[in-house]
Amino acid sequence: MNALVRRSVARTGIPCLWRGKCFSSGNEPKESNRVTPMQRHLMYKIKSTGPITVAEYMKEVLTNPVKGYYVHHDMLGEKGDFITSPELSQIFGELIGIWFVSEWMTSGKNTAFQLVELGPGRGTLMGDILRVFSQLGSVLKNCDFSIHLVEVSQKLSEIQALTLTEEKVPLETDAESLVYMKAATKSGIPISWYRDLKDVPKGYSFYLAHEFFDVLPVHKFQKTAKGWREVFVDIDPQVPDKLRFVLAPGATPAEAFIQHDEKRDHVEVCPEAGVIIQELSQRIALNGGAALIVDYGHDGTKTDTFRGFCGHQLHDVLIAPGTADLTADVDFSFLRRMAQGKVASLGPVQQRTFLKNMGIDVRLKVLLDKVDDPSVKQQLLQGYDMLMNPQKMGERFNFFALLPHQRLHGGSQERNACQSKTPASSVPGFDELVWQ
Ligand code: SAH
């Protein structure tokens, strides 16, 4: 097969459900009521210290170091619980790779830079980006760049290493080291793995987070006659081994994240997303670079979006915890607020707009012209349809960027203390890509 077309495109069939599609409907299929080890752990916790917040529930279920869903599981792809854009089409990662190269060129072509990905899944997206970087070898020649992956999952980090280096990579033996795995790609680009963004060296960097923010724990609040009350998870006193939602009797600390003029009667807030955006903003303001955040979400308008997925089906979030993915829509208005004017934010723009502006149609045509195998052509077309169709991922997923103020307004911070939807200088994806 042509080197332009990655091997995994030749898979058979594309599953039809992705996490961004549905909301918790209350009509989810009935799952077995077996008590999982995670549920036993949570019930023990609740019995000892009382009901837990939805955020604590989500964090335990997804990333508990011993039993967490993400920690020992490969949940991505046809045989897993959900599918993501880079797993569907190589073009997705290639266009993101071009976006980073374009931003790197516009911001002065520093010869040394870091590429940092949060929640890299199977490493597929980074692999597609690196293929673009190697094809643009003449542009990036003499560059000294390194890859930094922030990943909590032992299982997925092993898969990432295999995808990117084609080898098994051992864990670092020094327990004190912030880097828990180290390797290099076949062409010699160094890769380091971390558990936390804070551990990634500071410096001129490009950051990427695709379907990462939606797995961060959310607190849920309900408006009541007595004011905002947080939703907690408790054991149902009527039914043994069943979890249920309850409302806190009084105010709780996370209420501080709700806007004073909030009009909705149910909100989800994600303090961890705020911490990460503040860290990214500070780093970009100090050292330059950019962040690209891609996820399903809304601009501060949606209410109850917390939901579960198992085997490409919606799954009741309180049943068999640890066996299903838990997720909530990203509130981009909150991310924008958390940037606190330290950097400029762009978007969210819909995935289909961003990819169109980045030239997805031209790229598809180039690939279709290069392949002869009708099944590969079919895969490319199906992948394009999944990414772009407004009924599929085209309008549910959004692109959001953080950029230094001077990138948009030549150094004038005051002009763009908050969000800029129409920047003075154009940014590819958010505007049509213009090659210089
Ligand atoms: N970006 C990938 C995978 C998305 S799934 C893709 O689009 O295919 C979410 C990813 O985030 C997984 O790799 C998961 O292990 C990782 N993850 C979840 N919580 C995390 C956390 N708190 N810190 C770092 N990584 C996390």
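Q: Where should I start with strand S11, and how many of its residues are buried?
A: Start with how much of the strand the rest of the structure hides. In this predicted model, 10 of the 10 residues of S11 (residues 289-298) are buried, so the strand is largely enclosed by the rest of the structure.

Q: Which residues of S11 lie on one side, and which on the other?
A: Check each face in turn. One side carries Gly289, Ala291, Ile293, Asp295 and Gly297. The other has Ala290, Leu292, Val294, Tyr296 and His298, and both faces are covered.

Q: Which way does S11 run against strand S6, parallel or antiparallel?
A: For pairing, look at the sense and the bridges. S6 (residues 205-210) and S11 pair in the parallel sense, over six bridges. As a landmark, take Leu208, which stands opposite Leu292 in S11.

Q: And what about S11 and strand S17, parallel or antiparallel?
A: Here the sense is antiparallel: S17 (residues 397-403) pairs with S11 over six bridges. Tyr296 stands opposite Phe397 in S17. There's also strand S15 (residues 330-331), joined to S11 by two bridges and running parallel. For that one, find His298 opposite Asp331.

Q: What is the strand order in the open sheet of three strands?
A: The order is S13-S12-S14, and the pairing is antiparallel. S13 (313-315) and S14 are the edge strands, each pairing on one side only. Ignoring direction, neighbouring strands of this sheet are turned by 40° against each other on average. Zoom in on S12 (residues 307-310) and you'll find three bridges joining it to S14, with Gly308 opposite Leu326.

Q: Now a helix: how many residues of H2 are buried?
A: The general idea first: an α-helix has 3.6 residues a turn, so residues three or four places apart point the same way. H2 (residues 54-63) is mostly covered, with seven of its 10 residues buried. Those are Val54, Ala55, Tyr57, Met58, Glu60, Val61 and Leu62.

Q: What covers the buried residues of H2?
A: Look for the elements in contact with them. The cover includes helix H1 (37-49) and strand S1 (52-53). It also includes strands S7 (219-224), S8 (227-235), S9 (243-247) and S14 (325-327).

Q: How many aromatic pairs does a search of the whole structure find?
A: It finds 16. For each pair, check the centre distance and the angle between planes. Phe113 and Phe133 are edge-to-face, 6.4 Å centre to centre with 70° between the planes. They link distant parts of the chain: Phe113 belongs to strand S2 (residues 112-118) and Phe133 to helix H5 (residues 124-135), 20 residues apart. Both Phe113 and Phe133 are buried. They're also part of one aromatic cluster, together with Trp99, Phe100, Trp104, Phe145, Tyr204 and Phe206.

Q: Why do Phe212 and Phe213 count as buried?
A: Compare relative accessibility with the cut-off: buried means under 20%. Phe212 counts as buried because its value is 13%, and Phe213 because its value is 4%. Phe212 and Phe213 also form an edge-to-face pair, 5.5 Å centre to centre with 85° between the planes.

Q: What sits over the ring of Tyr180?
A: Rings can face charges too. The charged end of Arg195 sits over this ring, 4.0 Å from its centre.

Q: Last one: where is Ser89?
A: For a loop residue, name the flanking elements. Ser89 is in the loop between helix H3 (85-88) and helix H4 (90-106). Ser89 is buried, with a relative accessible area of 3%. A polar atom of the Ser89 side chain lies 3.2 Å from the backbone nitrogen of Ile91.

Terms used:
Residues are numbered from 1 along each chain as its sequence is written. This is a predicted model: local features need pLDDT of at least 70, side-chain atom pairs count only at pLDDT 80 or more; totals for chains, interfaces and linings use all residues. Side-chain values use heavy atoms; hydrogens and water are left out. Buried means under 20% relative accessible area, exposed over 50%, partly exposed in between (1.4 Å probe, protein chains only). Helices (H or I, at least four residues) and strands (E, at least two) are DSSP runs, numbered from the N terminus. Contact means heavy atoms within 4.5 Å. Two strands pair if DSSP finds at least two bridges between them. Axes are lines fitted to C-alpha atoms, for helices over the stretch in contact, and angles run from 0 to 180 degrees between N-to-C directions. Rings of Phe, Tyr and Trp (its six-membered ring) pair if their centres lie within 6.5 Å; planes under 30 degrees apart count as stacked, over 60 as edge-to-face and the rest as tilted. A charge sits over a ring if NZ of Lys or CZ of Arg is within 6 Å of the ring centre and within 35 degrees of the ring normal. A polar contact is a pair of N or O atoms within 3.5 Å; within protein, one must be able to donate a hydrogen and the other to accept it, and residues adjacent in sequence count only if both atoms are side-chain atoms.
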